[in-house]
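Here is a short briefing on one protein model. Keep the sequence and the 3D view open as you read.

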Amino acid sequence: MMASPDSSRTDVPKDLVRIGEGRVNIGTQADLIDRIIADAKAGRGGTVFTLNLDHLVKLRSDAGFRTAYDAATYVSADGSPVVKIARRQGAPVDLVTGADLVVPLCRAAAAAGVSIHLFGTSDAIRDEAAAKLVADIPGLVIAGSESPPRGFDPEGEAAKAAAGRIEASGAGICFVALGAPKQELFAHAATRQPGGVTYVCIGAALDFISGRSKRAPVLFRRTGTEWVWRFIQEPRRLGMRYARSMAYYLGYLIKGPEKPRDGRG
């Protein structure tokens with residue numbers, strides 16, 4: 001059996017679908033935002049992951065990553081292929097990406113009086129994104145922000161100290177922009193400590209908000225080909241990742257659902 005998500009809580013939604021070593025338990029962005037805000041106001045800590053093909057590939061070989069995913073409070077389907085896989089198994093899920101989540105969640109946080117924290121990416125990108133969010137969203141309070149140094153261990157002593165600072169800031173939500181699997185490992189480790197912050201893993205979202213990286217045009221996003229745009233922008237960095245992800249997806253289409261390891265599912 002797969003480990004129960006956030007076993008200390010009784011209000012975590014049941015899985016809608018399991019895909020290989022991954023799972024999804026949130027179907028819509030609206031539901032996810034409502035749950036995060038409710039948790040933040042109640043002081044319930046948790047983690048939010050967005051499952052994509054790259055994560056599914058990493059989950060095959062990274063035991064720590066699997067542990068973090070198994071314990072995640074909320075997991076959405078990030079990427080058209082994951083949505084298609086989930087729907088082929090009968091799961092009612094929509095596309096909910098980290099990049100699309102930040103702004104509407106910040107608007108909801110501002111309206112609810114919940115402050116946020118930004119953790120990750122570079123100082124310049126983080127500060128530019130923070131300035132843009134505050135300018136565009138009246139009432140948004142950023143309780144703190146920081147970028148970890150190079151070589152940051154997401155489960156080490158520096159991570160514990162960072163989590164302590166985030167908790168002490170009074171933020172109810174922390175956006176973690178470290179990239180996978182580092183951001184998920186940090187979020188999972190942070191919630192092992194006492195506290196009530198919800199850690200939302202968002203990948204490159206702050207890069208897009210700051211304007212340092214250009215998001216794919218709407219046409220690409222609507223047709224599920226945003227990955228093509230990103231590959232064109234960064235072929236060397238993303239080429240091998242996308243090759244492995246495409247191999248995973250094609251394998252699913254040819255062989256059907258992948259059976260989880262260790263008899264889980």
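Met 246, Leu 250, Leu 253 and Ile 254 make a nonpolar surface patch of about 360 Å². The model is predicted: local features need pLDDT of at least 70, side-chain atom pairs count only at pLDDT 80 or more, and totals for chains, interfaces and linings use all residues. Residues are numbered from 1 along each chain as its sequence is written, and side-chain values use heavy atoms, with hydrogens and water left out.

**The patch**
- A patch takes residues with over 30% relative accessible area and no salt bridge; like charges are joined within 9 Å, and nonpolar side chains (Val, Leu, Ile, Met, Phe, Trp, Tyr) within 5 Å.
- Areas come from the Shrake-Rupley method with a 1.4 Å probe; for residues, only the protein chains shown count as cover.
- Met 246 sits in helix 12 (residues 235-255).
- Helices (H or I, at least four residues) and strands (E, at least two) are DSSP runs, numbered from the N terminus.

**The whole chain**
- The protein chain has 12 helices and eight strands.
- Of its 265 residues, 50% are buried.
- Buried means under 20% relative accessible area, exposed over 50%, and partly exposed in between (1.4 Å probe, protein chains only).
- In helix 8 (residues 182-190), seven of the nine residues are buried. Among them are Leu 185, Phe 186 and His 188.

**Salt bridges**
- The whole structure holds 13 salt bridges. Each puts a side-chain nitrogen of Lys or Arg within 4 Å of a carboxyl oxygen of Asp or Glu.
- Arg 44 and Asp 11 pair up at 3.5 Å, N to O. Arg 44 is in the loop between helix 1 (29-42) and strand 3 (46-51), and Asp 11 is in the segment before strand 1 (17-19), so the pair ties together parts 33 residues apart in sequence.
- A network of salt bridges links Asp 11, Asp 39 and Arg 44.
- Asp 123 bridges to Arg 126, with the closest N and O atoms 2.8 Å apart. Both lie in helix 6 (residues 123-136), about one turn apart.
- Asp 123 is partly exposed at 45% relative accessibility, whereas Arg 126 is buried at 6%.

**Around Ser 147**
- Ser 147 lies in the loop between strand 6 (142-146) and helix 7 (157-168).
- Its side chain makes a polar contact of 2.5 Å with the side chain of Arg 126.
- A polar contact is a pair of N or O atoms within 3.5 Å; within protein, one must be able to donate a hydrogen and the other to accept it, and residues adjacent in sequence count only if both atoms are side-chain atoms.
- The side chain of Ser 147 also reaches the backbone oxygen of Gly 120 at 3.0 Å.
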